[in-house]
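Q: Please take a close look at a single part of this structure. I would like to know how that part sits among its neighbours.

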Amino acid sequence: MMSRPDEMDDLMAQHRQGHALPRGFYTSDAIFDYDIATVWNRNWIWVGHESQIPEPGDYFLFDYGHESLIIVRDREGEVRAHLNVCRHRGSRVCTEDSGRARVFVCPYHAWTYELSGELRAGREMGPDFDPSKWGLLPAQVIVFQGLILVCPSSDAPPLDTALAQLAPLTAPFGLEDLKVVHTASYPVPANWKLALENYLECYHCAPAHQEYSRSHTLKSPQQMEALLPDMCERAVAAGLPDQTLDLTGEAAIAHGAEVFYRRYPLFDGYKTGSKTGAPLAPLLGNLTGFDGGATDIVMGILNYLLIYSDHVVGYRFVPRGVQETDIQVVWMVRKDAQEGQDFQIEDLTWLWHVTSQDDERIIRHNQSGVNSHFFQPGPLAEMEWAINDFYECYKTMTNSTA
Amino acid sequence: MMSRPDEMDDLMAQHRQGHALPRGFYTSDAIFDYDIATVWNRNWIWVGHESQIPEPGDYFLFDYGHESLIIVRDREGEVRAHLNVCRHRGSRVCTEDSGRARVFVCPYHAWTYELSGELRAGREMGPDFDPSKWGLLPAQVIVFQGLILVCPSSDAPPLDTALAQLAPLTAPFGLEDLKVVHTASYPVPANWKLALENYLECYHCAPAHQEYSRSHTLKSPQQMEALLPDMCERAVAAGLPDQTLDLTGEAAIAHGAEVFYRRYPLFDGYKTGSKTGAPLAPLLGNLTGFDGGATDIVMGILNYLLIYSDHVVGYRFVPRGVQETDIQVVWMVRKDAQEGQDFQIEDLTWLWHVTSQDDERIIRHNQSGVNSHFFQPGPLAEMEWAINDFYECYKTMTNSTA
Amino acid sequence: MMSRPDEMDDLMAQHRQGHALPRGFYTSDAIFDYDIATVWNRNWIWVGHESQIPEPGDYFLFDYGHESLIIVRDREGEVRAHLNVCRHRGSRVCTEDSGRARVFVCPYHAWTYELSGELRAGREMGPDFDPSKWGLLPAQVIVFQGLILVCPSSDAPPLDTALAQLAPLTAPFGLEDLKVVHTASYPVPANWKLALENYLECYHCAPAHQEYSRSHTLKSPQQMEALLPDMCERAVAAGLPDQTLDLTGEAAIAHGAEVFYRRYPLFDGYKTGSKTGAPLAPLLGNLTGFDGGATDIVMGILNYLLIYSDHVVGYRFVPRGVQETDIQVVWMVRKDAQEGQDFQIEDLTWLWHVTSQDDERIIRHNQSGVNSHFFQPGPLAEMEWAINDFYECYKTMTNSTA
């Protein structure tokens, strides 16, 4: 469909292993468009949680770039995803962010689609028209312990295989019993890759995130290692496995099927990612106590979760334009927790709100400098290894034909 | 002057007859620029009515894309149109939307042009300078029964030949005796072609235009046919010809010289396009009664009129950017009608105000979906035949060199 | 680094000597980007005055296009300029417009640079990392009688050689003893070249600048010549040389090393560029009286000064986007003059404030017309000769490889 931008080869050739990507990857409209076509449209995107659509007909939209997906529970109770593009002349079919529907009626010419995506009828389309050929284009769906991931492409990466290995590790958290209690969007005038790269390394944590660095040890690999054994003991006591899973980089099943699981210690006195160190919400799943740890989860190349003992924070870096990205942060607690009683939204969201505000600022300055004709990609630090892995994935994906 | 965008050939090849146009036609900056150069700059554009410039020196501007035209009545009383671009270093010459002028003085270096466009003098340009070579570039002008149409290109389509056939049909309406009483602009974040296509079909009328569908039969060809004979009888009685003129599609004299005339019935109880069905203004021209009909007029490929028994509504789809279009609606009544007495602006404009607001919304959703990489142009319905004709014109026009 | 836009050759070929440049030079994003890379990044830019950074560690930023420069006085008291781009992953290093610093610490990962630009240390970069290779990229600096000029390119034009000839002519003004008392920015939706061209000619002064034309004779070469002898006499009496320096056009040492000095008379009754003709501030430098003249200074192709007997006005045309330019006007008086006592800001800035507002308007109309597909570059007047010289420089500079 879409031809590879001419400048791509040059830029690929300019890139030095272990260094940042060249300017053009972050400034070119054509490359942004190609990113959407080859990376976002062909990878798994975590869009939400089953609890958001409990009943048949419940749906919500997920938008990125110029794309829009309808995520809906069909009559049989299955979660499905459809491209939100009418098969007639291309109108958005569904224009409300979320709701409950019996069918989806295109607002333009009233083409009417079942929850399953099938076209019920094409009004006045004549006798030769075969509605069965004009259903909404489907996206692939994985529901992993309540988390909904979708991929618009039919040859989606085999993330399910990798998630099968993750399943026993996350089982104690009872992810299927979560609910979303807050979502925030932090718009940043930068390319989505700069926003993602920012999340992929904690080299910047000490200088840029004062509040986070007070409680989280990732900023200092040495301190983390020192506190790890004690935390592991507490984690096991609380019902968590003493295990790490790293299906990334060379160990990945396939590009786009990366999975990563690691629990690491908070500093002493911190039971969770709170201001004071005190708990923020009821213990998740089957946990029997606070271990003072936090789990980093990676699913594919676009989706990141942070699991504390009492809540889960999800991170997405949603592209809107070549230098326009929404950092979306999603907070989840166990389904039966009562707001006001069992948790306070303001306390729950404090840490990652202030941290995201920091990120907004530093990512903006990063893009601003990268826009300079004088920007020369510098060497990555050891603590930035995950960025390198991302570059490898990214380069392979955009090297293919869209 | 301007080279054809590389992507054009591919897009042309992708287009399947009887289907919507591919995505790129609605998303590419280069194609938008080429649309202006090959379609808008070479076709007739209805810009207004003679009554707007009754006296010598009276002028108004008409802008589209990055173009600006001065429409002026010259000293001899002729209507003329000039490109509003100084022949020296390119400044806009006229910067007021309308007014009365003796000459046009460029605000930059005071090059001074006659109403006829001739350069009076180029101040301090030396002895070798020949002012006669540096007049404002002229646009072609047709005044058809008071309606002013302009075409910037010297090889304008032969619309006058086609209009000669239209003249006897519209004569009873007394178009030359109209006045413009209201103009509204509905900005829509969509390509101009999507806005125009929306106007070209009434397949969307039933689902999208509740108010319009109550009174107008076009939404249902069957109902229209059923009510047609009675209306024709009433039309003839009121002084209108019982005739249709279709110089479009295969019958067109040339691309860009399309003319179409057809009167169709409103639903019973509707004398005109009003909320209640009651008249809105004094009968036009020589009409002796309300026939409960409305006339669709097409002039070229960019200009549309709807003539009720008591008022005229003109429609234009003015391109501003690749996904920025102003839907301009112009209401006209007979010149001697008095506002407040013979007509009320609010009542007069009600129907096409609410209908344009609907269109704003559905065209926006259309563009939004067309922007998706997953958009695949679907099949057109029978009721969308006029879009197909437009595509044929469009493709021929943009196939040429700019 | 950056390849020449394809359209450049065509546009160069289209340009007729003695005429305005073709449309594409003012409308193309690619050419704008190339202008920054080949013209702005390789020429001397006047950024300010030494008095703005009196002490070691004092700095200010100067931004244009997507570039940012840190101008700082180092520990040894030398003025230096650095590219404001971290050598690690490209963040802006300095994010405050001005201030006093001991070192520059990148806000992202805390890479820390000395005032001299050297990298003090790259935190956690491992044993193989050599900080001496990763200092901030330097820009060249010339301090000419207190005026700071910078050039990011290492092969900067030999402006210093030309300035050596200017030095004795400007010596009486005591430029090194100035201070900046006001800076204003006039944003104009036009390409930077149109803003610069506007400054380069006074053919537009009579029609467009009523206030300016009342006091300044440049609008009329004949009147200027007539008043010149008397003014020269007064100038010499006041301590100024009776000399002109024209190292522009064919006489330029090199493209980008242009220097120009000429004093011309104000109309009788005007001692300086004030509303009433009365003085605005104490006499500059060693001057012993008001001669009723004003000096035009050109330094390189981007920098313009106007020196009255009692104040100096500097002009820059700072590119922000293809059709986004900030006209920056800087007012300077002698360092020991006291605001409120020796000068009033409002009086001092009046003339060039109203004149810049005029320019804003006419440059905007110029761009608007140049954007038309029908714009054909017209012939330049005799009074516009400096534009022609600028075109020659511009074409040579953009003809090279970036």
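The request and its answer follow.

Q: How many residues of strand 14 of chain B are buried, and which strands pair with strand 14 of chain B?

A: First, the ground rules. This is a predicted model, where local features need pLDDT of at least 70, side-chain atom pairs count only at pLDDT 80 or more, and totals for chains, interfaces and linings use all residues. Residues are numbered from 1 along each chain as its sequence is written, while chains are lettered from A and ligands numbered from 1 in the order in which they are written.

Now the strand. Strand 14 of chain B covers residues 293-299. Strands here are DSSP runs (E, at least two residues), numbered from the N terminus. Six of its seven residues are buried, so strand 14 of chain B is largely enclosed by the rest of the structure. Buried means that 20 or more other C-beta atoms, placed from the backbone, lie within 10 Å of a residue's own.

Next, the partners. Two strands pair if DSSP finds at least two bridges between them. Strand 13 (residues 259-265) of chain B pairs with strand 14 of chain B in the antiparallel sense, over seven bridges. There, B:Tyr264 stands opposite B:Ala294. Strand 15 (residues 303-307) of chain B also pairs with strand 14 of chain B in the antiparallel sense, over five bridges. There, B:Thr295 stands opposite B:Ile307.

Last, the turn. Strands 14 and 15 of chain B form a hairpin with three residues between the strands. In this hairpin, B:Gly300 takes a positive phi near 70 degrees.

Terms used: Buried ≥ 20, exposed ≤ 12 C-beta atoms within 10 Å, placed from the backbone. Helix = DSSP H or I, 4+ residues; strand = E, 2+ residues; numbered from the N terminus.
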